[in-house]
Amino acid sequence: MSAYFEWTINQSYMPFLHFGRSQDGIKWEIEHDRIQFKSDDPEIGKMIYAYDPRVCKIEDSYYITWCNCYHGLTIGVARTKDFKEFHQMENAYLPFNRNGVLFPRKINGKYYILNRPSDNGHTPFGDIFISESPDMIHWGRHRLLMGAGGQWWQGTKVGAGPIPIETTEGWLMIYHGVLNTCNGFVYNIGAALLDIAKPWKVLYRTNRYLLNPEKSYETTGKVPNVVFPCAALCDAPTGRIAIYYGGADTYTCIAYAQVDELIDFIKANSEVF
């Protein structure tokens with residue numbers, strides 16, 4: 001059984017997180033009531049809205065990160081072991097920050113998270129940073145991972161997508177790149193390989209997009225012209241990856257790829273670092 005989180009709009013038009021389950025990763029049963037996070041500190045539990053969640057298993061716990069509103073947008077963090085009780089932890093950053101994505105294991109004894117410093121609007125800028133922590137509470141040693149620019153399809157901003165996948169060639173990171181046009185933002189999907197032992201070091205980064213909005217369910221919806229990668233499941237024996245992405249902020253879509261083919265594509269169409 002796979003775990004799935006989505007953001008939905010309640011009667012007050014505010015997004016929150018809901019839990020869902022699936023036997024095949026395609027058909028989902030989403031619980032109607034939003035997740036009730038528990039917190040030792042009532043101050044941390046003040047949640048106005050929440051969206052863009054990611055789920056990451058580290059050792060015996062599952063950690064959820066999301067875009068949390070606490071006097072502005074920041075990265076909320078929670079953990080669970082049974083998907084029944086969810087314990088909200090300290091927010092990872094001061095406002096404003098988005099796209100918090102954890103690595104699935106400690107590296108050199110530290111936790112690592114990707115993030116994108118932001119502002120309180122529909123940010124017209126953004127670079128991906130990486131931070132480390134000894135305890136999943138105190139985050140520091142912030143380093144620039146990659147900036148926007150270079151190619152038209154990621155010239156405005158970039159942001160982390162699914163949990164990085166560990167491969168023999170490095171951490172496979174799927175991300176979104178944004179173009180600003182006369183008709184608004186266009187969200188595309190790119191990929192990169194990061195050094196296994198030094199994840200702040202980019203080995204390869206695509207100068208061509210993997211996917212851009214073309215289908216009607218990607219170009220038309222609540223937010224037009226968006227393909228936004230948010231989760232990826234990798235079947236180790238076959239090497240197949242199922243990439244879940246948002247289509248026009250209206251649909252949850254799936255695209256499939258093979259790990260070796262994706263790595264070959266990244267290396268063959270990469271910037272030089």
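Predicted model: local features only at pLDDT ≥ 70, side-chain atom pairs only at ≥ 80, totals over all residues.
**View 1. The open four-stranded sheet, in the order β8-β9-β10-β11.** From one strand to the next, the twist averages 30°. Strand β8 runs antiparallel to β9 (residues 111–117), and the two are joined by four bridges; L102 stands opposite I113, a residue of β9.

**View 2. The second largest pocket and the residues that line it.** The space in this pocket comes to about 250 Å³, and its lining is made up of 14 residues, of which D40, R79, Q88, M89 and E90 lie nearest the centre of the pocket. Sorted by class, the lining of this second largest pocket comprises six charged, five nonpolar and three polar residues.

**View 3. The cysteines C230 and C253, whose sulfur atoms lie 9.2 Å apart.** The closest cysteine sulfur to that of C230 belongs to C253, and at 9.2 Å it is too far for a bond, because a disulfide requires a pair of cysteine sulfur atoms within 2.5 Å. C253 likewise is in no disulfide, the nearest cysteine sulfur to its own being that of C230, and the count of disulfides by this rule is zero.

Methods: Residues numbered from 1 in each chain as written. Heavy atoms only, no water. Pairing = 2+ DSSP bridges. Axes fitted to C-alpha atoms, helices over the stretch in contact; angles between N-to-C directions. 1 Å grid on protein atoms, 1.4 Å probe; cavity = no way out; pocket = protein on both sides within 12 Å on 5 of 7 lines; lining within 4 Å. Points joined across faces, edges and corners; volume = space filled by probe spheres on them. Nonpolar A, V, L, I, M, F, W, Y, C, P; charged D, E, K, R; others polar.
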